[in-house]
Amino acid sequence: MISDRHAPRQQPYGTAYEQMLEKVRYEGAYPTREKAEEAVRLVLAGLGRQLTGDERVDLAACLPLEAARVLTAQIPDTQPLTGWAFVKDLAARTGASLATTRWDTGSVFSAVATYAGPDLITRILHHLPTGYALLFGRAELTPAA
């Protein structure tokens, strides 16, 4: 293992990420921090497969470093998924129920929205296919025909 002996020793997670995990744990009523972290990693990896462009970069800049790494480590899919297809894809990847996966997604997206702020979330929602607004706890507004 190669290490830089001059680099400062880092704790396993930064304070901001710990706070994010606690927010997700509280919002999602998870019994342990580990369950909350599992949800964060799953949902952010999925979002990283959907989000591209400036919105991806700007969101990563708002998140704690550990969360940003999970988001940006993913290669975006060529075919973006609707919000419902996003939940179904995550459920299929984990073997969890759709209800549990929907709960996980809402819990994590609530924390993400706190870090990103309303303006960036609005930009992200305009960039993604339909169905994500509800996952972020917002109304899904469609233009009148």
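Predicted model: local features only at pLDDT ≥ 70, side-chain atom pairs only at ≥ 80, totals over all residues.
Local features need pLDDT of at least 70 and side-chain atom pairs count only at pLDDT 80 or more, while totals for chains, interfaces and linings use all residues. Residues are numbered from 1 along each chain as its sequence is written, and side-chain values use heavy atoms, leaving out hydrogens and water.

**View 1. Helix α3 packs against helix α7.** Here α3 (residues 53-62) and α7 (residues 118-127) lie with their axes 10 Å apart, at an angle of about 145° (axes are lines fitted to C-alpha atoms over the stretch in contact, and angles run from 0 to 180 degrees between N-to-C directions). Helices are DSSP runs of H or I with at least four residues, numbered from the N terminus. Look for Asp-54, Glu-55, Asp-58, Leu-59 and Cys-62 of α3 meeting Leu-120, Arg-123, Ile-124 and His-127 of α7, where contact means heavy atoms within 4.5 Å.

**View 2. A salt bridge joins Arg-123 and Glu-55.** Their side chains meet at 3.8 Å, N to O; a salt bridge needs a side-chain nitrogen of Lys or Arg within 4 Å of a carboxyl oxygen of Asp or Glu. The partners, Arg-123 in α7 and Glu-55 in α3, are 68 residues apart. Glu-55 is buried at 14% relative accessible area, whereas Arg-123 is partly exposed at 34% (buried is under 20%, exposed over 50%, partly exposed in between, with a 1.4 Å probe and protein chains only).

**View 3. Glu-37 meets Arg-41 and Arg-33.** The N to O distance is 3.3 Å for Arg-41 and 3.9 Å for Arg-33. Because Arg-33 and Glu-37 are four residues apart in helix α2 (residues 33-48), about one helical turn separates them.

Technical notes. Helix = DSSP H or I, 4+ residues; strand = E, 2+ residues; numbered from the N terminus.
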